[in-house]
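This report describes the arrangement of the chains and their surroundings, going from helix packing to the contacts between parts.

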There are 2 protein chains.
Amino acid sequence: MGTRQRLITTASELLAEEGVGAVTLRGIAKAAGVSHGAPLRHFSGRAELLSAVATQGFTELLDRRKRLPDGSPREQLTAACHSYVDFAVGHPAMFELMFRRDLIDPDEPALAAVSSAVFDEFAVLVAAVDGHGGTDPRLVAASLWAALHGLAQLWLWGGLAGASFAPSPESALAVTLDAYLGQETR
Amino acid sequence: MGTRQRLITTASELLAEEGVGAVTLRGIAKAAGVSHGAPLRHFSGRAELLSAVATQGFTELLDRRKRLPDGSPREQLTAACHSYVDFAVGHPAMFELMFRRDLIDPDEPALAAVSSAVFDEFAVLVAAVDGHGGTDPRLVAASLWAALHGLAQLWLWGGLAGASFAPSPESALAVTLDAYLGQETR
DNA sequence: TCGCCGAAGTAGACAGCGTCTACAGAAGTT
DNA sequence: AACTTCTGTAGACGCTGTCTACTTCGGCGA
């Protein structure tokens with residue numbers, strides 16, 4: 001495996017194990033067994049390396065979506081929604097990195113392509129479910145995606161609310177899906 | 001004005017003008033006209049100072065909610081939703097700081113108190129609107145708040161989606177409110 | 001009034017960070 | 001065989017947060 005790929009892999013492992021705060025260029029280089037300046041031979045800077053890591057995250061998100069079980073459009077959409085929240089809960093550090101503009105470069109071509117693809121695939125699922133009278137399915141998709149994203153984000157932030165009330169992401173997701181898809185989807 | 005308060009004020013201004021990346025302890029100290037070590041006489045560290053700044057942000061959010069115009073519960077709730085997104089759009093850096101666990105300490109008593117109060121006030125508004133058959137109003141509030149939060153977050157992240165489709169926060173919010181409150185709220 | 005003590009501010013140091021540059025060797029290419 | 005390009009190393013620079021003396025000043029008890 002080339003050094004470039006090893007750096008990406010090492011960074012992903014470090015990210016998963018130690019969190020976003022631990023993915024420093026020097027730390028990645030040390031963990032990969034190269035000198036602190038070596039990463040700059042393969043990436044223009046920290047943002048480019050971390051963008052490559054985030055790209056892998058979006059790619060895995062896309063893969064999950066493509067491996068959805070067969071079923072009605074409505075079932076597929078709810079499964080996709082669950083998979084989004086599951087991904088965030090299962091890979092909190094990666095999820096955080098994927099939306100940290102200060103750490104990655106959203107305009108990186110590969111990253112922009114795969115993140116757009118994630119949204120586009122989701123919009124297709126939404127469009128396949130009828131019932132949103134006349135409004136642009138992509139607008140509905142953006143709204144629903146935002147709802148899922150906020151659910152994941154607030155849960156990662158710490159308990160979805162104050163200490164007085166801490167619902168599980170699953171129960172809150174059920175309410176969200178009810179709101180968008182109607183009660184019959186329970 | 002005491003040095004402590006001036007540091008908080010200066011940090012808020014720096015945050016609004018230069019963004020989250022510019023609020024460094026040394027930068028704040030320089031802007032406030034004190035030495036780089038002075039802030040540590042008033043705060044245990046960076047997290048405590050930035051927590052005080054974020055507390056002001058949550059406080060303003062709470063104030064906006066308390067100044068809602070009179071109207072039906074449903075109107076009040078939609079106004080609150082708009083005010084949340086408006087706040088994020090109007091104060092993007094502050095909004096970002098308020099949810100950056102690595103920069104602030106969510107367990108800071110004042111911060112925890114006011115952020116919980118924001119949620120509680122919101123939950124009260126949700127509870128006043130009937131129609132969510134039997135489910136805990138606080139759970140509905142958490143779901144709806146997450147939807148608003150995701151809307152704001154994704155908009156700040158860059159256009160709510162890929163470059164192929166970039167709805168305004170207002171139009172997406174309208175869809176979100178439709179989903180939660182029904183079409184008649186348009 | 002004197003002495004003192006704690007609070008507040010300063011200046012310097014330290015390790016860690018991202019990034020830049022100079023240098024060394026290895027690998028091809030002509 | 002000579003030259004160029006790629007890859008990796010080592011050191012430096014300025015920045016960061018934090019720690020540690022050292023000074024300065026204000027109030028308070030004797």
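At what angle do helix 7 (residues 137-158) of chain B and helix 8 (residues 169-181) of chain B pack, and how far apart are their axes? In this predicted model, the angle between helix 7 of chain B and helix 8 of chain B is about 165°, and their axes lie 11 Å apart. Because angles over 145 degrees count as roughly antiparallel, helix 7 of chain B is described as roughly antiparallel to helix 8 of chain B.

## Helix 7 and helix 8 of chain B

The crossing of these two helices of chain B, helix 7 and helix 8, is right-handed. On the side of helix 7 of chain B, the contact is formed by Leu144(B), Ala147(B), Leu151(B) and Trp155(B), while helix 8 of chain B contributes Pro169(B), Ala172(B), Leu173(B), Thr176(B) and Tyr180(B). Sorted by class, the contact of helix 7 of chain B with helix 8 of chain B holds 8 nonpolar residues and 1 polar residue, with no charged residues.

## Overall layout of chain A

Chain A has 8 helices and 0 strands, and its elements, read from the N terminus on, follow the order α-α-α-α-α-α-α-α. Taken along the principal axes, the box filled by the C-alpha atoms of chain A is roughly 60 × 40 × 25 Å.

## Helix packing within chain A

Helix 1 (residues 3-18) of chain A packs against helix 2 of chain A at an angle of about 110°, and the axes are 9 Å apart. Since angles of 65 to 115 degrees count as roughly perpendicular, helix 1 of chain A is roughly perpendicular to helix 2 of chain A. The residues in contact are Arg6(A), Leu7(A), Thr10(A), Ala11(A) and Leu14(A) from helix 1 of chain A, together with Gly27(A), Ile28(A), Ala31(A) and Ala32(A) from helix 2 of chain A. By class, this contact of helix 1 with helix 2 of chain A comprises 6 nonpolar, 2 polar and 1 charged residues.

A further pair in chain A is helix 4 (residues 73-90) and helix 8 (residues 169-181), which pack at an angle of about 150° with their axes 11 Å apart, and the crossing of helix 4 and helix 8 of chain A is right-handed. Helix 4 of chain A brings Arg74(A), Thr78(A), Cys81(A), His82(A), Val85(A) and Val89(A) to the contact, and helix 8 of chain A brings Pro169(A), Leu173(A), Leu177(A) and Leu181(A). The contact of helix 4 with helix 8 of chain A divides into 7 nonpolar, 2 polar and 1 charged residues.

## How the two chains relate

Chain A is superposed on chain B by a rotation of 180° with 0.0 Å of shift along its axis, at an RMSD of 0.0 Å. The two copies are therefore related as by a two-fold rotation axis. The same surface serves both copies, in that 97% of the contact residues of chain A recur in chain B.

Across the interface, 39 residues of chain A are in contact with 38 residues of chain B. Helix 6 (109-128), helix 7 (137-158) and helix 8 of chain A each supply at least two residues of the side of chain A that touches chain B, and the largest share of that side, 15 residues, comes from helix 7 of chain A. By class, the side of chain A that touches chain B has 22 nonpolar, 13 polar and 4 charged residues.

## Surfaces near the DNA strands

DNA strand C is surrounded by 16 residues, of which the closest are Leu25(A), Gly45(A), Thr3(B), Ser35(B) and Gly37(B). Helix 2 (residues 25-32) of chain A gives the most to the surface near DNA strand C, namely 3 residues. This surface near DNA strand C has 4 nonpolar, 9 polar and 3 charged residues.

Around DNA strand D there are 16 residues, and those that come nearest are Thr3(A), Ser35(A), Gly37(A), Thr24(B) and Gly45(B). Here the largest share of the surface near DNA strand D, 3 residues, comes from helix 2 (residues 25-32) of chain B, and the residues of the surface near DNA strand D divide into 4 nonpolar, 9 polar and 3 charged.

Definitions and conventions
Residues numbered from 1 in each chain as written. Chains lettered and ligands numbered in written order. Predicted model: local features only at pLDDT ≥ 70, side-chain atom pairs only at ≥ 80, totals over all residues. Near = placed C-beta within 6 Å. Helix = DSSP H or I, 4+ residues; strand = E, 2+ residues; numbered from the N terminus. Nonpolar A, V, L, I, M, F, W, Y, C, P; charged D, E, K, R; others polar. Axes fitted to C-alpha atoms, helices over the stretch in contact; angles between N-to-C directions. Left-handed = near helix turned anticlockwise from the far one by under 90°. Contact = placed C-beta atoms within 7 Å. Least-squares fit on C-alpha atoms with pLDDT ≥ 70 in both. Parallel < 35°, antiparallel > 145°, perpendicular 65-115°, else oblique.
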